Amino acid sequence: MQALAAMGSFSDAHEAVIIPMIARNLQRLILPRQSLIWAVLRAGDDEARLRYSLAATFLGRVCLSGEIHDLADWQMDVVRDAIALYQRAAGIIDLGVSSFHGTPETSYVDPAGWQAVVRVSGDDALVVAHGFSGIEGASLPLPSGDWEIAGTFASGANRLELTENSDARLTLDAGFQGAVWLLRR
């Protein structure tokens, strides 16, 4: 069906915390450039929830819904930051190849652990990470090269540290966290 259509929306779980899990797994069936990923934003969302929802959209085509017109100025700043980085990463989302990392899924009802998708296109890479219960120092393999961080959508203790052996070390705060890094070599 996706060969006949330009895009597709895969789930009605738009407000559920499992949206990044579904979006990651669907990359095996729907190209990210064809997969509509919805971030339903609410006026009551704290910064962690906004970043969690918006980071998931980097796993496909960003779509925004919810109470966007009711968001506070600081919340709109978070949305603008996400969209600005998304625009810079669009070529990687379009043409890249993904690798999947994290803890094995044990439950869509009560997710635990973490996941990361590393999508590479030429000399650019995108790391999209979600924590369901926090992690510290998880290792992510990167293709060989001298990588540098060219853009970040993260807050708090959520960080990606590049190592000398073409790996990265990922740290995410406890709870539901989402973060994105644009890398260049």
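Leaving out neighbours within four places in sequence, Phe153 is in contact with Arg51, Leu54, Ala55, Val78, Asp81, Ala82, Leu85, Gly178, Ala179 and Val180; contact means heavy atoms within 4.5 Å. Arg51 lies over the face of Phe153, at 4.6 Å from the ring centre.

The model is predicted: local features need pLDDT of at least 70 and side-chain atom pairs count only at pLDDT 80 or more, while totals for chains, interfaces and linings use all residues. Residues are numbered from 1 along each chain as its sequence is written, and side-chain values use heavy atoms, with hydrogens and water left out.

**Nonpolar cores**

Phe153 also belongs to the largest nonpolar core, which has 27 residues; Phe153, Leu41, Leu54, Phe58, Leu126 and Val180 have the most contacts inside this core. A nonpolar core is a set of buried Ala, Val, Leu, Ile, Met, Phe, Trp, Tyr and Cys residues joined through side-chain atoms within 4.5 Å. Buried means under 20% relative accessible area, exposed over 50%, and partly exposed in between, with a 1.4 Å probe and protein chains only. Two or more residues of this core come from each of α1 (19–26), β2 (35–41), α2 (47–56), α3 (73–95), β6 (124–131) and β11 (177–184). The largest share, nine residues, is given by α3. Helices (H or I, at least four residues) and strands (E, at least two) are DSSP runs, numbered from the N terminus. A second, separate core of 19 residues includes Ala116, Val120, Leu160 and Leu183.

Why is α2 largely enclosed by the rest of the structure? Eight of its ten residues are buried, so the rest of the structure largely encloses α2. The buried residues of α2 are Arg49, Leu50, Arg51, Tyr52, Ser53, Leu54, Ala55 and Ala56.

**Strands**

Strand β11 is mostly covered, with seven of its eight residues buried. Two strands pair if DSSP finds at least two bridges between them.

| Strand | Partner | Bridges |
|---|---|---|
| β9 | β10 (residues 167–172) | four bridges |

Arg184 of β11 is the bridge partner of Asp124, and Glu148 also stands opposite Arg184. In β10, Thr171 is the bridge partner of Arg159.

Strands β9 and β10 belong to an open sheet of three strands in the order β7-β10-β9, with antiparallel pairing. Its edge strands, β7 (135–141) and β9 (159–162), each pair on one side only. From one strand to the next, the twist averages 25°, where axes are lines fitted to C-alpha atoms, for helices over the stretch in contact, and angles run from 0 to 180 degrees between N-to-C directions.

**Rings and charges**

There are four aromatic pairs. Rings of Phe, Tyr and Trp (its six-membered ring) pair if their centres lie within 6.5 Å; planes under 30 degrees apart count as stacked, over 60 as edge-to-face and the rest as tilted. Phe58 and Tyr86 form an edge-to-face pair, 5.3 Å centre to centre with 65° between the planes. This pair links distant parts of the chain, 28 residues apart: Phe58 is in the loop between α2 and β3 (61–66), and Tyr86 is in helix α3. Both Phe58 and Tyr86 are buried. Ring pairs also link Tyr52, Phe132 and Phe176 into a cluster.

The charged end of Arg28 sits over the ring of Phe100, 4.3 Å from its centre. A charge sits over a ring if NZ of Lys or CZ of Arg is within 6 Å of the ring centre and within 35 degrees of the ring normal.
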